[in-house]
Amino acid sequence: MDRTPVPDADVCVVGAGPAGGLVADQLAGDYDVVVLDAGPRFDFEDRPERQERAIRPFYGRPDIWEMGGPRDDHTASGEWSYPLNHARVKGIGGSTLHWQGMVMRLHEDDFNSGSTRGVGPDWPIDYEDLRPYYPDAERELGVAGASDNPYGPPREQPYPMPAFPPSYSDSLFAEACEELGIDMHSVPNARNSESYDGRSQCVGYGTCQPVCPSGAKYDATVHIDSAEQQGATVIDRAPVQYLEHGPDQIEAAVYATPDGETHTQSAEVFVLACGGVETPRLLLLSASETYPDGLANTSGAVGRYFMDHLFAGTGGVLDGETRQNHVGFYTSSSQQFYDEANEEFAPLKLEFFNYDGPSPVEMALSGEDWGDDLLERLREGYGNHLGIGALVEQRPQEASYIGLAEDQTDDHGNPVPDVHWTVDDRALRTIERANEIQTEILSELGAEITWQVGPEETGPAYHHMGTTRMGTDPTDSVVDSTGRTHDLQNCWIASSSVFPTGGAVNPTLTIAALALRTADHIDRALGETSTR
Amino acid sequence: MELTRRDAVAALAALGGAGSATYGYSRLRDDGPDSTPPSDDHVRETMSATAEIVYPSELSGIAAFVEEFVDARLAEDDDHAAGIREAVTILDEHSQTWYDQSFADLSADTRETALEGLGADVADEDPDGSTAERVRYYVVNELLLALYSSPTGGTLVGIENPQGHPGGIQSYQRGPNGLE
Ligand SMILES: Cc1cc2nc3c(=O)[nH]c(=O)nc-3n(C[C@H](O)[C@H](O)[C@H](O)COP(=O)(O)OP(=O)(O)OC[C@H]3O[C@@H](n4cnc5c(N)ncnc54)[C@H](O)[C@@H]3O)c2cc1C
Ligand code: SF4
């Protein structure tokens, strides 16, 4: 394959996940667009084999999409460890190849966390600014949902597809929740409840995370394909090493190719869409005399304020069947407690699982028995589990950051990312609060509690936010309200790295809405240059 | 409960012909057995003879199911197929050494003892591992994967749409009474 630079490119997008894919797709009709991605192009036909790996105990999660090794090394110098290669995929499609595909809008107060909850800065934009882009994002990703969430932000248009009906276990939870005065509602899925956009209806493989063999779950290959059909050039296995620049402009992206060559891609405009860890890393790697602390880092905020969502969960067993693990996504949620957030408690949302407890086929492959003994163990182990998860916001803190490791380099000799992650007390307190609600619901059901993930056991949900935060003041933020860096006039960032605060909903619908909005601004900026 | 060729086709639809044609871990070790690879017939026979041990006794129709499944996996003619053949040879060498017979010719009790003697019951699967780990990966777990990702295997445990099977989006909505 030809991996040489595209002459006279208008737009160079770095990263082929949903953020880069959407920007490329929006602009490819009118401009010469080139997309560079560090990882490979995966064959759709190989997905059944990846699914087999997802089920077989020999393979770890990072193995499914070939993460790991010198290309992907990382360190964690903070108090909290961070399993970075479980938390991302490199390749055409990005981390959406692995994701679960739950997609909600942020709440109105999430944009004003500083003024309404006393935590972190306000965003420089409001829900109203993003409101026109959310329905477009829902259409682009293909979202199945219903307008039945009384706690969600305002919306007018219906979802592009009907919601997935509730599960049998949802009906068990519903009885308990009604008793306790907790409202349940459907949950939007970037997954086809009917065939959509040339992709199949969900057929119930049940391995959504880490791989959907049918393509019913959205992943960003959709937009990369579409961009290519409009003429964009997509170069895989082309990790950008650094960005050549002057004081106000990026001039070129310097990337490596598998044959050991290094190439220089120039363009009018650069869009960094490498995810919330690699985007700040690339800026830090591009330090120069003009930008000694990292490119676009006059504020010192590049890499700082690293946030993830924290997981809280409780599960148990019932005296009765619960029918788990038929599908790999959930169908009911509760956002009732979300906007009770204040300085003491963070926003949280509840997730009613359809996949708690063991999957029989996975159990079967990792025991020391077979035949009738194995069947008996499977029958005992499967059938009556029930679990509730929750996501909790963490506060942006300067001391939580992505940096460059001091003593470890990757396969090209660049310092690997150091994930220095810390979590604040408000988040930990809210995890306890989530556990209490979960316990209450399960107890109401008469379940015996068998597991809990509380403040001690909590871990990240793999949503990388905050590391190139958006703001109006160039001294404490990296990009402006359109996604353009304050320092460089042709450098835009599309990623959850621009989120000043995280809310408690999964980020990717907002990443998509922001990417569409940023693409509009780039279009306008390019229009101005060409008419000048 | 009756296993059918249709179940095997269902398992294959999900798992694909085989493991790793285009990328992978299962680079075969060069310290494997150096005899000529066993014929497809013999692999089929050996896999069926193993399935009789590792599948629950209430199942019938095992031979046809295994045949269908194994044929498709071998037909891929890739590293995974080679791994299956190699693991069958390991089983045979073990049973020749201990019982002077190939594995498929042993009585059911002796087959179970032979598998245990090899350590395939306690080994973790590993396509590049020890003989026990390879037999676990390519023979024992290969068969368990085929069974328990199929609707019939799942139904034995109470899940008619197990992980790995594209059984649609109705089953997750049904309660236990909707099972029949
Ligand atoms: C297990 C899991 C479950 C998830 N579930 C959900 C969910 O249910 N809902 C939700 O909203 N979100 C979920 N997420 C998060 C979601 O996947 C991300 O928010 C989303 O993919 C981010 O999109 P992105 O385009 O910014 O980055 P990514 O999708 O990570 O893509 C970045 C791309 O940039 C490339 N890249 C990196 N560095 C370079 C470089 N130097 N040069 C060239 N290319 C580079 C990478 O190879 C990669 O392809 C989940 C994530 C994981 C891992
Ligand atoms: S349950 Fe649906 S979305 Fe998930 S892997 Fe299966 S087909 Fe894909």
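Q: What makes the contact between Asp339(A) and Arg117(A) a salt bridge?
A: In this predicted model, the closest N and O atoms of Asp339(A) and Arg117(A) are 3.1 Å apart. The criterion is a side-chain nitrogen of Lys or Arg within 4 Å of a carboxyl oxygen of Asp or Glu, and therefore the pair qualifies as a salt bridge.

Q: Why can this pair be said to tie together separate parts of chain A?
A: Asp339(A) is placed in the loop between strand 12 (332-334) and strand 13 (348-352), whereas Arg117(A) belongs to helix 4 (residues 113-117). The parts so joined are 222 residues apart in sequence.

Q: Why is Arg117(A) called buried, and why is Asp339(A) called partly exposed?
A: Arg117(A) has a relative accessibility of 4%; buried means under 20%, so Arg117(A) is classed as buried. Asp339(A) has 37%, a value between the 20% limit for buried and the 50% limit for exposed, and therefore Asp339(A) counts as partly exposed.

Q: What makes Glu52(B) and Arg111(B) a salt-bridged pair?
A: The N to O value for their side chains is 3.1 Å, and the limit is within 4 Å. Glu52(B) lies in helix 2 of chain B and Arg111(B) in helix 5 (residues 108-118), so parts that are 59 residues apart in sequence are tied together. Arg111(B) counts as buried at 7% relative accessibility, while Glu52(B) is partly exposed at 48%.

Q: What makes a group of salt bridges one network?
A: The bridges share partners, and in this way Arg71(A), Asp72(A), Arg88(A), Lys90(A), Glu278(A), Arg281(A) and Asp410(A) are joined. Over all chains, a search of the whole structure finds 37 salt bridges.

Q: Why is the group that includes Glu432(A) called a negative surface patch?
A: Its members are Glu175(A), Glu178(A), Glu179(A), Glu432(A), Glu436(A), Glu440(A), Glu444(A), Glu456(A) and Glu457(A), and Glu counts as negative.

Q: Which elements supply the negative patch?
A: Helix 7 (168-180) and helix 12 (425-444) of chain A are the elements that give two or more residues. Helix 12 gives the most, with 4 residues.

Q: How do you know that chain B follows the pattern α-α-α-α-α-α-α?
A: Chain B has 7 helices and 0 strands, and the pattern is read along the sequence. Of its 180 residues, 58% count as buried.

Notes: Residues numbered from 1 in each chain as written. Chains lettered and ligands numbered in written order. Predicted model: local features only at pLDDT ≥ 70, side-chain atom pairs only at ≥ 80, totals over all residues. Heavy atoms only, no water. Buried < 20%, exposed > 50% of the residue type's maximum accessible area, 1.4 Å probe, protein only. Patch = residues over 30% accessible without salt bridge, like charges linked within 9 Å, V, L, I, M, F, W, Y side chains within 5 Å. Areas by Shrake-Rupley, 256 points an atom, 1.4 Å probe, with all protein chains shown as cover. Charge placed at Lys NZ, Arg CZ, Asp CG, Glu CD.
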